[in-house]
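Hello,

Here is the structure I promised to pass on to you. Could you open it alongside this note and follow along?

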Amino acid sequence: MTETDTGTATTTEGETTDVLVVGSGIAGCAAALAAARAGAEVVLLTKATKPDDASTDWAQGGISTTRGNPASLKQDIIDASDGTADLDAVDTLVEHADEAVEDVLIDTLEVGFDETDGGDLDYTREAAHSEYRILHVDAATGTHILRPFLNYIDDHERIAVRQDTAALELITAEGRVHGVVSDEEPEGNPIYAGATVLATGGVGALYGRSTNPDDATGDGIAMAALAGADVNDLEFVQFHPTAYAGEDPFLLSEALRGEGAVLRNGDGERFMDDYHPQGDLAPRDVVARAVETEREATGEVVLDVSPLEFEAEYPGIAEKCRDRGIEGDEIPVAPCEHFLCGGIDVDDRGRTSLDRLYAVGECARTGVHGANRLASTSLLEGLVWGLRAGEDATGFEPEVVEAPELLNRDPALPERFAAEKFTRLQRTMDEYLGLERDPDEIARASAVLRRLKGEVDAYIRTRTARELYELRNASVTALLIARAAGENTESVGCHYVVDEAPLP
């Protein structure tokens with residue numbers, strides 16, 4: 001066995017490393033950092049080739065803290081979840097929130113969070129938060145966290161980052177995960193690890209309109225499910241209520257409404273007070289459905305930013321508006337797929353039901369969010385669980401076992417094969433598994449998605465193209481979402497069931 005300069009040891013059978021992390025958002029970076037701090041050699045694989053390929057980079061509003069009142073944050077999380085959040089998981093989050101933020105983001109990365117004129121940290125508020133407790137940098141917090149985090153990780157002597165690298169399959173034997181097969185070779189490159197941490201992000205690419213990167217194809221969820229890991233709460237797909245309504249949607253942070261912006265319908269009327277006592281700051285699922293209802297009734301909904309110093313306080317969002325020809329104080333908005341509250345089932349250390357497999361970030365179901373996520377808790381959850389999983393994943397010896405045999409003997413895919421299948425998948429998800437779900441339409445979606453998965457499986461047996469595996473993962477995850485939606489007949493949080501059958 002020989003040591004390499006890539007964080008792995010080379011054997012005659014393949015590469016080995018102590019901890020393997022798949023994904024480079026805040027959760028993956030946190031896991032890699034914690035494992036390295038504990039003395040492990042870490043390899044981090046990421047499909048990304050630049051920071052804005054990761055969902056963390058797209059996060060606008062900020063990262064929640066407890067601001068010295070964990071009980072208050074806990075109650076807000078529970079209320080936003082429609083009472084479905086796992087109380088133990090929420091306790092884990094709020095108990096470790098401030099320590100994680102201070103340790104990693106403030107002391108280690110020295111993130112330049114916005115300050116008041118007096119030099120104190122400037123906290124903002126977002127929907128369903130009862131207090132001003134959210135740290136932010138303008139309205140581009142994710143960018144200002146992820147980029148220094150990636151630079152720090154990339155320079156760490158115990159961490160080797162491999163960009164533009166996808167994990168295709170998990171290597172498993174007798175209920176234990178031993179690593180992954182990556183796409184670094186035409187027929188796959190086995191990388192064996194003492195423990196494997198999935199931090200692959202969400203499912204935005206499954207929908208036609210999303211606030212997530214195009215490579216958010218549900219990879220970790222699909223690979224884990226195919227390997228036999230438990231998944232849970234996949235019906236809870238959250239839609240953000242205020243994304244730009246035109247082509248090329250972008251997120252209009254809830255911080256805008258937290259600081260005074262208001263929603264108006266096509267008749268110029270404020271309407272959220274008619275839907276919820278918290279008005280414009282109601283939980284996301286409530287606001288998203290209200291916005292869609294008012295759009296259908298009055299033709300449009302706009303976010304009126306006239307109460308704000310918009311250009312000065314939110315220059316990044318203002319620039320995106322100008323780029324799309326939006327002038328004045330009213331920005332057309334519509335709901336847009338934003339976040340998956342469920343995923344691979346994990347415990348308080350990110351451990352899955354498969355031995356030595358961990359999951360963190362949006363691909364994981366910690367139980368914190370229940371049926372609906374509270375604003376600005378996704379970065380916090382990724383940070384807290386990433387640190388806990390990374391530390392727990394150390395101390396295991398890698399074991400070389402037989403890896404899946406991936407074949408690459410057939411000609412390349414037909415032109416636009418993957419793109420056309422993705423379009424079909426997205427249309428199915430948009431039409432049948434969006435803001436409102438009808439039981440008959442959920443069943444129809446399941447049938448379409450099963451056929452699509454069968455078509456993809458026929459090609460993937462003899463090809464290892466990344467786009468094909470992404471399509472496989474997307475179809476598997478979409479089918480799991482449809483199955484979960486069909487099994488849950490109760491409207492709760494962002495899973496809203498409407499039976500359109502005529503009354504007798």
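This is a predicted model: local features need pLDDT of at least 70, side-chain atom pairs count only at pLDDT 80 or more; totals for chains, interfaces and linings use all residues.

Residues are numbered from 1 along each chain as its sequence is written, and side-chain values use heavy atoms, leaving out hydrogens and water. Helices (H or I, at least four residues) and strands (E, at least two) are DSSP runs, numbered from the N terminus.

Let me start with the sheet of 4 strands. This open sheet has the order β12-β15-β14-β13 and antiparallel pairing; two strands pair if DSSP finds at least two bridges between them. Its edges are β12 and β13 (262-265), each pairing on one side only. From one strand to the next, the twist averages 45° (axes are lines fitted to C-alpha atoms, for helices over the stretch in contact, with angles from 0 to 180 degrees between N-to-C directions).

Strand β12 (residues 237-244) is mostly covered, with 8 of its 8 residues buried (under 20% relative accessible area, 1.4 Å probe, protein chains only). Antiparallel to β12 runs β15 (residues 330-340), joined to it by 6 bridges; Tyr244 stands opposite Val333 of β15. Strand β14 (residues 301-304) is also antiparallel to β15, with 3 bridges between them, and Val302 faces Pro332 there.

The other open sheet has 3 strands in the order β11-β16-β18, with mixed pairing. β11 (231-232) and β18 (364-365) are at the edges with a single partner strand each, so one side of each has no neighbour in the sheet. Between β11 and β16 (residues 343-345) there are 2 bridges, and the two run antiparallel; Asn232 has Gly343 as its bridge partner in β16. Helix α6 packs on this sheet, touching β11 and β16, and its direction makes about 45° with that of β16 (contact means heavy atoms within 4.5 Å). The buried residues of α6 (residues 219-227) are Asp219, Gly220, Ile221, Ala222, Met223 and Ala224. Gly228 follows α6 and has a positive phi, near 105°.

Finally, a helix pair: the axes of α3 (residues 70-80) and α4 (residues 87-108) come within 10 Å and cross at roughly 140°. The contact is made by Pro70, Leu73, Lys74, Ile77 and Ile78 of α3 with Leu87, Val90, Asp91, Leu93 and Val94 of α4.

How values were computed. Buried means under 20% relative accessible area, exposed over 50%, partly exposed in between (1.4 Å probe, protein chains only).
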